[in-house]
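Thanks for coming. I will take a few minutes to walk through one model, and I will keep to what can be read from it.

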Amino acid sequence: MLDSVTLTEAHAELQERARRFVEDILIPLEVEAERAGGRLPAERVEVIRREALARRLGGGLHALEHGGQGWSHVEWFLVEEQFGRSTNALSWHVPSAYNVLAHGSPEQIDRWLRPALRGELHDAYAVTEEHAGSDPSMIATTAERTEHGWRIDGVKWFVTYGDVASVIIVMALAEGRPTLFCVDRTTPGIEVVEEPLFTHNYPHGHPTLRLDGVEVGDDAIVGGVGRGDELQRAWFVEERLGIAARGVGAMWRLLDETTAWATRREQGGRRIIDHQGVSFPLADSAADAAAARLLGLEVARLADAGADPKLVHAKASLAKLFVSEAANRCADRALQVFGGRGYTRTNVAERFWRELRVDRIWEGTSEIQRLIIARALERRGVEAVLR
């Protein structure tokens with residue numbers, strides 16, 4: 001498995017292009033974003049958007065004809081890994097869109113996907129509910145047939161980008177079957193119930209939205225009635241692999257900065273890296289990061305090779321579980337090495353220490369990933385999961 005991903009010169013060029021963007025454009029804005037609660041001035045956001053488009057880094061997996069880059073999953077992983085080196089989710093300003101929009105009608109693609117990939121609007125994905133978090137089959141939001149289309153009623157929690165999105169992709173039960181709808185944010189009946197404050201300082205919120213008698217037509221349905229679970233499964237795979245890629249990038253940055261500090265900082269006449277209490281945690285983090293990177297790239301390769309989607313789903317859970325847990329360990333160790341400086345919010349380790357925590361929760365908790373992996377061991381066999 002470990003030597004099955006061959007990276008080419010083209011991969012190296014793409015990776016370096018993404019790294020230069022992160023180091024030249026994103027990282028210099030981190031502390032400003034932190035001090036501003038995550039919200040940068042419009043002119044700063046425009047620089048990020050413009051530079052991302054100029055460097056051909058937006059909309060990676062989306063098709064060229066839709067305005068994306070048409071990357072393979074391996075190429076996308078390499079770029080997301082670099083995005084993960086920055087804090088404060090500044091890469092959220094890079095034009096992109098959820099993969100389910102690619103399954104929309106030509107009209108939906110023209111109205112929502114193409115503008116999103118040009119950086120002209122955001123989409124949001126609304127699935128989680130008060131009693132449907134780790135178990136999306138428990139959703140209670142309904143879409144009832146009307147004379148002119150559908151009436152949607154329900155309350156959605158943690159709708160990322162829900163405070164800025166132009167279109168909300170809503171999961172609802174239509175004729176008793178999970179179905180996705182593209183809902184224009186200006187449609188009457190959409191109300192922000194709450195805008196919770198979270199541990200991280202990110203550019204956009206995760207509000208609670210109520211849909212009360214929201215009227216849409218048949219043209220709002222994505223992919224057809226009843227395809228919600230199928231489309232969402234593909235969405236979960238991509239999101240979980242993306243979390244893994246960005247977690248690897250975070251560990252990479254943490255190791256860069258912490259090792260540099262430990263080799264410069266002296267205590268008791270010795271560099272602190274010469275003390276095993278510092279060097280061993282760094283070594284453990286390097287082992288975590290190296291293993292995480294190989295695992296994530298292998299999942300990306302399998303996706304590109306057209307492997308069994310159920311196996312890719314299980315392996316994406318494996319990558320998300322391992323990397324999210326490992327990145328949290330790495331951030332905690334790095335913060336400890338920095339000592340008191342590590343507990344200041346201008347320190348990269350402190351920001352990652354807060355920000356990486358949610359990766360063990362969203363897009364399926366670590367516990368849910370363990371359930372998926374255990375079921376794959378039972379149903380597909382140990383060899384299939386490990387090889």
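Before anything else, one cut-off: a residue is called buried when its relative accessible area is under 20%. Please also keep in mind that this is a predicted model.

Is Arg-85 buried or exposed? Its relative accessibility is 3%, so Arg-85 counts as buried. In the chain, Arg-85 sits in the loop that runs between α4 and α5, the latter being residues 106-117. What does the side chain of Arg-85 meet? There is a polar contact of 3.3 Å between the side chains of Arg-85 and Asp-256. Leaving aside residues up to four places away in sequence, the residues that Arg-85 touches include Arg-19, Val-22, Glu-23, Ile-27 and Glu-30. Also among them are Gly-249, Ala-250, Trp-252, Arg-253 and Phe-352.

Helix α4 covers residues 73-83, and nine of its eleven residues are buried, so the helix is largely enclosed by the rest of the structure. Those buried residues are Val-74 and then Trp-76, Phe-77, Leu-78, Val-79, Glu-80, Glu-81, Gln-82 and Phe-83.

How many cavities of 30 Å³ or more does the structure hold? The count is one. The largest cavity has a volume of about 40 Å³. Its lining consists of Leu-254, Leu-255, Thr-258, Pro-281, Leu-282, Ser-285, Cys-330, Arg-333, Ala-334 and Val-337. By type, that is seven nonpolar residues, two polar and one charged. Helices α6, α7 and α8, where α8 is residues 309-338, each supply at least two residues of this lining. The most comes from α8, which gives four residues.

Next, an open space. The second largest pocket has a volume of about 1400 Å³. It is lined by 44 residues, and the closest to its centre are Ser-134, Phe-236, Arg-240, Glu-363 and Gly-364. Elements giving two or more residues to the lining are α6, α8, α9 (348-355) and α10 (366-380). Which element has the largest share of this lining? That is α10, with seven residues. The lining of this pocket divides into 18 nonpolar, twelve polar and 14 charged residues.

Last, the strands. What are the partners of β3? One is strand β2, residues 142-145, which runs antiparallel to β3 and is joined to it by four bridges. In that pairing Arg-145 stands opposite Trp-150. The hairpin of β2 and β3 has four residues between the strands, and there Gly-149 takes a positive phi near 155°. Another partner is strand β7, residues 208-216, which pairs with β3 in the antiparallel sense over six bridges.

I am happy to go back to any part of it.

Terms used:
Residues numbered from 1 in each chain as written. Predicted model: local features only at pLDDT ≥ 70, side-chain atom pairs only at ≥ 80, totals over all residues. Heavy atoms only, no water. Buried < 20%, exposed > 50% of the residue type's maximum accessible area, 1.4 Å probe, protein only. 1 Å grid on protein atoms, 1.4 Å probe; cavity = no way out; pocket = protein on both sides within 12 Å on 5 of 7 lines; lining within 4 Å. Points joined across faces, edges and corners; volume = space filled by probe spheres on them. Nonpolar A, V, L, I, M, F, W, Y, C, P; charged D, E, K, R; others polar. Pairing = 2+ DSSP bridges. Polar contact = N/O pair within 3.5 Å; in protein donor to acceptor, adjacent residues only side chain to side chain. Contact = heavy atoms within 4.5 Å.
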